[in-house]
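Grab a pencil and work through the exercises below, each with its solution.

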Amino acid sequence: MTSLATAPAGRGADPGRPGVVDRVLAALGTVRDPELDEPVTVLGFVASAAVSGDGIATVHLRLPTYFCAPNFAFLMVADAFDAVSAVPGITRAEIVLDDHFAAAEINGGVAARAGFVGSFGDQAAAELDDLRADFLRKAVLAGTDRVARPLLTAGRSPAELAALTLGDLPAGPDLDRLRDRRAQLGLPAGDAAPLLVDVTTGAPVQPDELPRHLGRARLTRVSLEANGGVCRGMLRGRYGDSPGRGEVPDEGGTFIPLALLTADPSVNADRETDR
Amino acid sequence: MYEKDGEKYFIVDSHMHYWDATPQNWVPGQEQFAKGWIECFHAYQSLGPKETHWTLEHFEGYSEDDLMKDVFEDGHVDVAIFQPTYLKQWYTEGFNTTERNAALADKHPGKFIVNTRFDPREGDPGFKQLEENVARYGSKGLKLYTAEWFGDSRGWKLSDPEAYRYFDKCLELGIKNVHVHKGPTIWPLDKDAFDVSDVDHAATDYPDLNFIVEHVGLPRIEDFCFMATQEPNVYAGLSVVIGGLMHARPRFFAKVMGELLFWVGEDKMTFGSDYGIWEPKWQIEGFVDWDYPSDEFSDYPRLGTAGKKKILGLNAAKLYGIEVPAEAQLPPEAGTPAAEDDARLVDEASATV
């Protein structure tokens, strides 16, 4: 491969193909870690992205550990392959997972479009659709807490929340995200859909199930966000201060000594930009 | 014994290791896995305070003297529970075997409890080995790692029929406590390897065994908490939670602690340093000083001195029958450590969300 053109995030520096690397990065921004429900770009998993003069995109992905679960790693590489392949002007996508125990099986399997079973042989019994759906349901629960928690904090009761529809909620990225994940699962996601639905059946949550449903939503969000915090810390431990393409620091921030934590969110916000 | 503000804390480190990950112990042809494993552990250490970080070389093979100093002399620990992790596919003499731990425990009477392990895929020879280990080392506890590689197999489940054969044997041998650690692989690989529903089955079917889920099921805290509300014999091992979050992600740590206190309760949580990943000293000192960082967390149960004493030692002492000096015991009104009924039933818990 010759004439590799790399561009920093946010700038299309390839003179022959203005913006094509940006478009590749934007496509990668639609690829999520299925376990954490965050874009691989934001998490810092995109080590590099480049496009050659003849339209071959080469993307290197990296993960927090050598032993990250191979099924989720496979999904990210396969999704990145599909997303980058669909970018106008890209003639071929080469997605390379680096520094992972199953990198050979995953990279080779995705490039050959072999599927998960085709890539792992007897070690796998099925494709990963059920796994992905299980984690989308967790994403819906966590997303429910993101939009419901401010209302509860403001004094609304669980019963009042149960009477709300998605159209009643203030517009914003959290609501868009919740609608998107619900739609992907085939759950009701329009303005008339109830805010609180069973994540398997889509049925409205019944009054006697409300506290449990809301408790589970909060717990799931805490779990996902804490995992994300550990993953980001591990990625940093592994790759030092070399940020990924499109990486955005998380809410937990970096290494704030316990003694410096205060109730004033602006203090932490300032520190988080220091990383 | 750790003392702070006139309070005495009896410390049981219920999850720690004495490993050999030096290159001379790497199995030829498997070096990338042996190296990948220890480098992954070493990266976890980076989540602790900077002044407690070790070089990779030191981390691969810390000495007996290092351990005794870090854990007992400097680390405030009264009794430490060795949890083995074999990984013989990658490490010639094993990563951290019962034998290796027991050799050190023999030299320091009263300091250690030596747990052993089984792997159901080892069949009858493993059965015999388990019997011998219990007879030789007096093990009352096990550490089970379901992601261990064995030939072409990438893992197992506690609910496998072969595992149940071993649990039957455990009851016969007087084993009480089963520490469970999930990892990234299992058979088949398309399933979620971190799923804890197999622990749920085993805990229901073996009510006389206690199941301590290490790392509170991380990264599946939500599934773990829901299971713990339904199984009186399931406990939350805090290894990795304190070490990996308290310093690096204090706000997430506060939320995770809040959820655990809410769903599982202070009677069912046990401290483990995960040494040599992290030294116990900073974890214990930080935990005794810990409180929620702001009003944002006011919905969660508080954790007082009595609760911290239970988590740092009294709960594990109860599970393992360790004698606690009178000065470190709780007054009767503070409740019973490791009380089985502490975990809230789901319906009861849900009434207060």
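**Exercise 1. Is Asp274(B) buried or exposed, and where does Asp274(B) sit?**

Start with the rule: a residue is buried if 20 or more other C-beta atoms lie within 10 Å of its own, exposed if 12 or fewer, and partly exposed in between, with C-beta atoms placed from the backbone. Now count: Asp274(B) has 27 other C-beta atoms within 10 Å, so Asp274(B) is buried. Next, find its place: Asp274(B) is in the loop between S10 and H11 of chain B. (Helices, H or I with at least four residues, and strands, E with at least two, are DSSP runs numbered from the N terminus.) Last, check the backbone: phi of Asp274(B) is near 65°, a positive value in a residue other than glycine.

A word on what you're looking at: this is a predicted model, where local features need pLDDT of at least 70 and side-chain atom pairs count only at pLDDT 80 or more, while totals for chains, interfaces and linings use all residues. Residues are numbered from 1 along each chain as its sequence is written, and chains are lettered from A and ligands numbered from 1 in the order in which they are written.

**Exercise 2. Where is Leu87(B), and is Leu87(B) buried or exposed?**

Step one: look in the loop between strand S4 (79–82) and helix H4 (98–107) of chain B, and there you'll find Leu87(B). Step two: Leu87(B) has 22 C-beta neighbours inside 10 Å, so Leu87(B) counts as buried. Step three: phi of Leu87(B) is near 50°, a positive value in a residue other than glycine.

**Exercise 3. Which residues does a cis peptide bond join, and where do you find them?**

Take Trp187(B) and Pro188(B): the bond joining them is cis, with omega about -10°. Pro188(B) belongs to the loop between strand S7 (177–181) and helix H7 (197–205) of chain B. Now take the peptide bond from Tyr275(B) to Gly276(B), which is cis with omega near 0°. Gly276(B) is in the loop between strand S10 (269–270) and helix H11 (280–289) of chain B.

**Exercise 4. Which residues of H11(B) are buried, and what do they pack against?**

First, list them: Pro280(B), Trp282(B), Gln283(B), Ile284(B) and Phe287(B) are buried. Then look around: the buried residues of H11(B) pack against strand S1 (2–4), strand S3 (12–16), helix H3 (64–73), H9 and helix H12 (305–320) of chain B.

**Exercise 5. How compact is chain B?**

Begin with the parts: chain B has 13 helices and ten strands. Its radius of gyration, taken over C-alpha atoms, is 19 Å. Along its principal axes, the C-alpha trace of chain B spans about 55 × 45 × 40 Å. Finally, buried residues make up 54% of the 353 residues in chain B.

**Exercise 6. How many residues of chain B touch chain A, and which helix gives the most?**

Two residues are in contact if their C-beta atoms, placed from the backbone, lie within 7 Å. By that rule, 43 residues of chain B are in contact with 42 residues of chain A. On the chain B side, H10(B) gives the most, with seven residues. Sorted by class, that side has 25 nonpolar, eight polar and ten charged residues. (Ala, Val, Leu, Ile, Met, Phe, Trp, Tyr, Cys and Pro count as nonpolar, Asp, Glu, Lys and Arg as charged, and the others, Gly among them, as polar.)

Methods: Rg over C-alpha atoms; globule rule 2.2 N^0.38 Å.
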